[in-house]
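Please open the structure in your viewer and keep the selection panel at hand. The tour below moves from one selection to the next.

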Amino acid sequence: MSQYLFYILSLLTAFSAMMVVFSRKPVYSVLYMIFCFFTIAGHYILLNAQFLAAVHVIVYSGAIMVLFLYVIMMLNLNKESEPHKSNIAKTAAVVSGGLLLMVLVSVFKSADGLAINPAFDSQIGMVEVLGMVLYEKYLLPFEVSALLFLTAMIGATMLGKKEGGAQS
Amino acid sequence: MELNDLIFKIIFVIAVFAVSLLVAMYSTYAERKVAAFFQDRLGPNRAGPFGMLQPLADGIKMFMKEEIIPTNADKVLFVLGPSLAMMTACMTGVVIPWGSSLIIDGKEYVMQITDVNIGILYVFGVVSVGVYGIMIGGWASNNKFSLLGALRASSQMISYELAMGMSIVALVMMTGTLSVREIVESQPGGHWNVFVQPLGFLLFLICAFAETNRTPFDLPECETELVGGYHTEYSSMKLGFYLFAEYINMFISSAIIVCLFFGGYNFPFISELGLSHNMAAILGTVIFFAKVFFFIFFFMWIRWTIPRFRYDQLMRVGWKVLIPLAVVNIVLTAIYLMWKHDLWNTTLHVSQLNP
């Protein structure tokens, strides 16, 4: 059952990920990307990581992608006003994309021989276990990343305020 | 899963779906009656006795009206918008415990579709996806008023989602679980969370109003500024879906408020009544719905009492009042928990909090 679910989900993930690139309209691209995030959340649930799935949906599909959609709707992009990139940019994009493909292919080739870890704990994704791990074993990294987020948040607020400061 | 369980679940899912729709349907009727009462009118009283068939008549009217899709609208997204709004509205009922459990032939049937151990987060996930229905609909209409209404709605919902999530954190710290059923079970009898988390309740209630786009937070469809907001271009049942989704959301938010802060199906003196398990469960469900109906009435009461905010006021309240208050609430709760478990001098182990 879960194997079939995995295949269906993977198919949907790959399809929606490709549609992000192939869609002519930017709004459709964003919507496909949101759908892609949902299918990834589905994968998390298949891996018994419900907390991760929920947070993924709340943060990525619910908050970040709304802002994406927000910006794209405001810009009102359409085919006529689509900016044309210069040849240098196009070449650079192709080269970097090709390099990324190379890295990915080499990673998957070397991952071929990896065996499934028999000591894997299926409860690892549960919120209780995750909390214990985060707050006991990895407390310091957790706090450091929290500080980092706080700094980023204050920075963003300051940057946002600069432009509004002229009016108020 | 046995066949009996499966049949029970299927019946239960259909029942929850039907009840949500029915309650939402009669909420429209109730809203008009309540509005009439507040304004010293009679309200709808033509269709059937006391106007009881009014929602049905409204529904038939909605279906019969001509369906207009604007020429320059994006047709796919134009239809997708209201569908998404309706779908997300119906999805939240899954994690709500509608009652304790029924024992039939010695087997226990839990009156809840599924008890996800991250139930609250599931609710937030669905709520955060609910924004898309409005945004897509507003954008696809290809109308400036619709777009502005959609942008307002989405920025409002994102802002208040944050405060809502923060107001829940303190509650989760107290109960030590994210499962809605366990939260309900942690408030036996009259030990409701509202008495220990009054500030959290107030914040959650305000955010629930904002999330359902109800007055005083109904800026997305502020008719003096934006014509009809995000559903300006909508007609017939697609408009009906948007309006109906609001009523389902209202019902579900009331149910969530009751579960989190008002003990769900628990009520005082339940154990002293000497009822059998099944009778107590059924009575609990009845009480649950009574509480939910009170909150639906409360939603309407506020709507016909308080005028709407101005947009900048709305944002100021969300970001500068509700979120700081939620943070204060979290800190206060943390201090209380530290004091209660006497953890000032010992190293903190999470296991000590929830033995």
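This is a predicted model: local features need pLDDT of at least 70, side-chain atom pairs count only at pLDDT 80 or more; totals for chains, interfaces and linings use all residues.

**Stop 1: a patch on chain A**

Begin by selecting Met1(A), Tyr4(A), Leu5(A), Phe6(A), Tyr7(A), Ile8(A), Leu12(A), Phe35(A) and Leu46(A), which make a nonpolar surface patch of about 950 Å². If you then colour helix H1 (2–22) and helix H2 (26–46) of chain A, you will see two elements that each supply at least two residues of the patch, and H1(A) gives the most to it, with six residues. One member to pick out is Leu12(A), which is found in helix H1 of chain A; this leucine counts as partly exposed because its relative accessibility is 32%, a value between the limits of 20% and 50%.

**Stop 2: the largest nonpolar core**

In soluble globular proteins, nonpolar side chains tend to be buried together. The largest nonpolar core here has 112 residues, and the ones to select are Tyr132(B), Phe204(B), Leu260(B), Phe262(B) and Phe288(B), as they have the most contacts inside it. Next, show helix H10 (residues 236–261) of chain B, from which the largest share of this core comes, namely 16 residues.

**Stop 3: around Phe288(B)**

Stay with Phe288(B), which is buried, with a relative accessible area of 0%. Apart from its neighbours within four places in sequence, Phe288(B) is in contact with Ile96(B), Pro97(B), Trp98(B), Ala255(B), Val258(B), Cys259(B), Gly264(B) and Tyr265(B).

A search of the whole structure finds 30 aromatic pairs over all chains. Trp98(B) lies in the loop between helix H3 (75–91) and strand S1 (101–104) of chain B, while Phe288(B) lies in helix H11 (residues 277–303) of chain B, so the pair ties together parts that are 190 residues apart in sequence. Trp98(B) is buried too, with a relative accessible area of 5%.

**Stop 4: Ser236(B)**

Is Ser236(B) buried or exposed? At 6% relative accessibility, Ser236(B) counts as buried, because the limit for that class is under 20%. To see what surrounds this serine, select Met62(B), Lys65(B), Glu66(B) and Glu67(B), with which Ser236(B) is in contact when its neighbours within four places in sequence are left aside.

Terms used. Residues are numbered from 1 along each chain as its sequence is written. Chains are lettered from A and ligands numbered from 1 in the order in which they are written. Side-chain values use heavy atoms; hydrogens and water are left out. Patches are made of residues with over 30% relative accessible area and no salt bridge: like charges are joined within 9 Å, nonpolar side chains (Val, Leu, Ile, Met, Phe, Trp, Tyr) within 5 Å. Accessible areas come from the Shrake-Rupley method with a 1.4 Å probe; for residues, only the protein chains shown count as cover. A salt bridge is a side-chain nitrogen of Lys or Arg within 4 Å of a carboxyl oxygen of Asp or Glu. Helices (H or I, at least four residues) and strands (E, at least two) are DSSP runs, numbered from the N terminus. Buried means under 20% relative accessible area, exposed over 50%, partly exposed in between (1.4 Å probe, protein chains only). A nonpolar core is a set of buried Ala, Val, Leu, Ile, Met, Phe, Trp, Tyr and Cys residues joined through side-chain atoms within 4.5 Å. Contact means heavy atoms within 4.5 Å. Rings of Phe, Tyr and Trp (its six-membered ring) pair if their centres lie within 6.5 Å; planes under 30 degrees apart count as stacked, over 60 as edge-to-face and the rest as tilted.
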